[in-house]
Amino acid sequence: MKKLLVCFTVCAIALAGIPTQNLHAQETFNYDETKVGTYTLPPLLQTPDGKKITTTTQWNNIQRPALLKLFADNVYGRLPGKPKGLHFKVTSEDKEALGGKAIRKQITIYFTPADTGASMDVLLYLPKQAKGPVPIFAGLNFKGNHTVHTDPEIKITSRWVAEDKNAGITGNKANENTRGLQASRWVVEEILTRGYGLATAYYGDLEPDYPEGYKTGIRTQLSKSLQIQPNEWGAIGAWAWGMSRIMDYFETDPAINAKQVALQGHSRIGKAALWTGANDTRFAMIISNESGEGGAALARRWYGETVARLNSAFPHWFNPNYKKFNDKPNQLPVDQHQLLALIAPRPLYVASAQEDQWSDPKGEFLSAQAVGPVYALFSKKGIETPEMPGLNQPVGETVRYHNRSGKHDVTLYDWQQYLDFADKQFSNKQ
């Protein structure tokens with residue numbers, strides 16, 4: 001039925017004489033590869049005035065800052081810097097957590113000099129048997145720190161949480177019944193066993209995820225101290241900014257190797273993780289798990305979610321200027337392969353799922369594949385496979401990709417690939 005509807009809509013638009021490259025504006029959704037159409041990606045190694053980029057110095061000094069500005073101006077909004085008065089407090093520590101396998105810390109990051117101001121709570125697990133500073137995976141979670149594990153000592157968030165009657169969340173409040181709700185997405189023990197730490201924070205600490213959430217989130221709370229108005233950035237930017245503040249903490253904790261931090265994000269948080277990594281080069285590795293449109297997937301491909309749909313469903317996520325391209329994604333001055341290129345030369349992993357066609361797995365693969373010439377400037381290899389790989393067959397070196405069987409989610413299989421990738425890139429042998 002869905003395919004028939006898409007076909008009917010496409011045919012009707014064609015008969016009306018509307019150019020197919022403007023189909024995004026019609027709120028139609030395509031899952032037929034033969035109907036994607038043609039598109040031309042903006043070049044990676046050529047400036048808008050036609051200058052060729054041939055060296056890493058030119059990339060770092062000319063093209064990289066130019067692309068960052070284009071994304072800030074047209075997609076995500078600008079990111080403010082580190083706030084004055086930023087400070088940290090370890091609110092609890094257990095050196096025998098998880099049956100003696102881990103050290104658990106809970107840290108509050110305060111964004112102002114006062115302990116009563118805007119803040120976020122970080123949950124940190126470190127492997128108990130580590131002999132020195134450990135590499136670490138970090139990322140935001142969707143429903144509160146207490147949902148990533150059944151550990152009874154994790155503080156339950158008191159912030160706004162999206163309604164989820166299936167999970168027992170009503171009145172926008174978390175409760176004891178939601179403890180460990182999304183533990184399958186975090187595989188804490190697996191990560192610790194492999195010699196890595198794990199840090200996470202609830203994305204709602206930064207901005208509640210609904211159109212009016214900015215009124216109580218950091219975009220309003222910190223507008224004066226950060227000297228940025230709420231409409232100069234979106235929720236994606238707020239979540240990205242918060243991940244950089246977690247890195248600020250890492251640099252103060254001697255148990256963490258802050259030079260080997262892998263930032264992982266799923267879905268909308270995957271979009272934020274990519275934007276974080278593009279701006280904050282302290283993160284040594286970036287992992288995009290099914291980030292889709294506005295993340296790793298090419299905007300110019302008419303497949304799955306579109307720019308128009310993204311902005312209509314989630315009007316608070318992006319720079320208001322992004323909406324100007326709802327009906328003309330081909331006129332965006334950037335596309336998402338350029339965002340991925342901003343991670344270079346650091347390791348990058350892009351992952352898709354077979355049943356998550358909304359996120360356009362092929363568009364994510366093509367985007368990751370396209371960044372090879374930038375990594376080559378740094379004598380790094382990206383994805384040299386010409387065709388999209390089969391299911392559960394990771395490809396690539398410094399840039400890596402897989403298309404997992406299954407639905408939109410984060411699974412043990414995904415984590416095993418990320419851990420193997422980190423082992424190779426970080427030479428982690430703990």
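**What the words rest on**

Visitor: Why is Glu33 called partly exposed?

Guide: Its relative accessibility is 34%. Buried means under 20% relative accessible area and exposed means over 50%, with partly exposed in between (1.4 Å probe, protein chains only). Glu33 therefore counts as partly exposed. Lys362 gets that label too, with a relative accessible area of 33%.

Visitor: What kind of model am I looking at, and how are its residues numbered?

Guide: This is a predicted model, in which local features need pLDDT of at least 70 and side-chain atom pairs count only at pLDDT 80 or more, while totals for chains, interfaces and linings use all residues. Residues are numbered from 1 along each chain as its sequence is written, and side-chain values use heavy atoms, with hydrogens and water left out.

Visitor: What makes Glu33 and Lys362 a salt bridge?

Guide: The term asks for a side-chain nitrogen of Lys or Arg within 4 Å of a carboxyl oxygen of Asp or Glu. For Glu33 and Lys362 the closest N and O atoms are 3.8 Å apart, and the pair forms a salt bridge. This pair links distant parts of the chain: Glu33 is in the loop between helix H1 (2-15) and helix H2 (56-76), Lys362 is in helix H11 (residues 361-370), and 329 residues separate them. Helices (H or I, at least four residues) and strands (E, at least two) are DSSP runs, numbered from the N terminus.

Visitor: How many salt bridges are there in the whole structure?

Guide: A search finds 28. One of them joins Asp164 and Lys143, whose closest N and O atoms are 3.4 Å apart. Asp164 lies in the loop between strand E4 (134-141) and helix H4 (188-193), and Lys143 is in the loop between E4 and H4 as well, so the pair ties together parts that are 21 residues apart in sequence. Asp164 and Lys143 are both buried.

Visitor: How do you know that Arg404 and Glu290 form a salt bridge?

Guide: Their closest N and O atoms are 2.7 Å apart, and they do form one. Arg404 is in strand E10 (residues 399-404) and Glu290 in the loop between strand E7 (285-289) and helix H9 (307-313), so parts that are 114 residues apart in sequence are tied together. Arg404 and Glu290 are also buried. Elsewhere, salt bridges with shared partners join Arg245, Asp248, Glu251, Asp280 and Arg282 into one network.

Visitor: What makes H11 largely enclosed?

Guide: Seven of its ten residues are buried, so the rest of the structure largely encloses H11. Among the buried ones are Pro361, Phe365 and Ala368. The buried residues of H11 pack against helix H10 (336-341), strand E8 (348-353), strand E9 (395-396) and E10.

Visitor: How do you know that Ala368 is buried?

Guide: Its relative accessible area is 0%. Leaving aside residues up to four places away in sequence, Ala368 touches Leu340, Val350, Ile383 and Val399.

Visitor: And why does Leu126 count as buried?

Guide: Leu126 has 4% relative accessibility, so it counts as buried. Leu126 lies in strand E3 (residues 119-127). Beyond its neighbours within four places in sequence, its contacts include Ile103, Val134, Leu192 and Ile256.

Visitor: What is the secondary structure of the chain, and why is the chain called as compact as a globular protein of its length?

Guide: The chain has 13 helices and ten strands. Its radius of gyration is 21 Å, close to the 22 Å that the globule rule gives for 430 residues, so the chain is as compact as a globular protein of that length. The radius is taken over C-alpha atoms, and the rule is 2.2 Å times the number of residues to the power 0.38. Of the 430 residues, 57% count as buried.

Terms used. Contact means heavy atoms within 4.5 Å.
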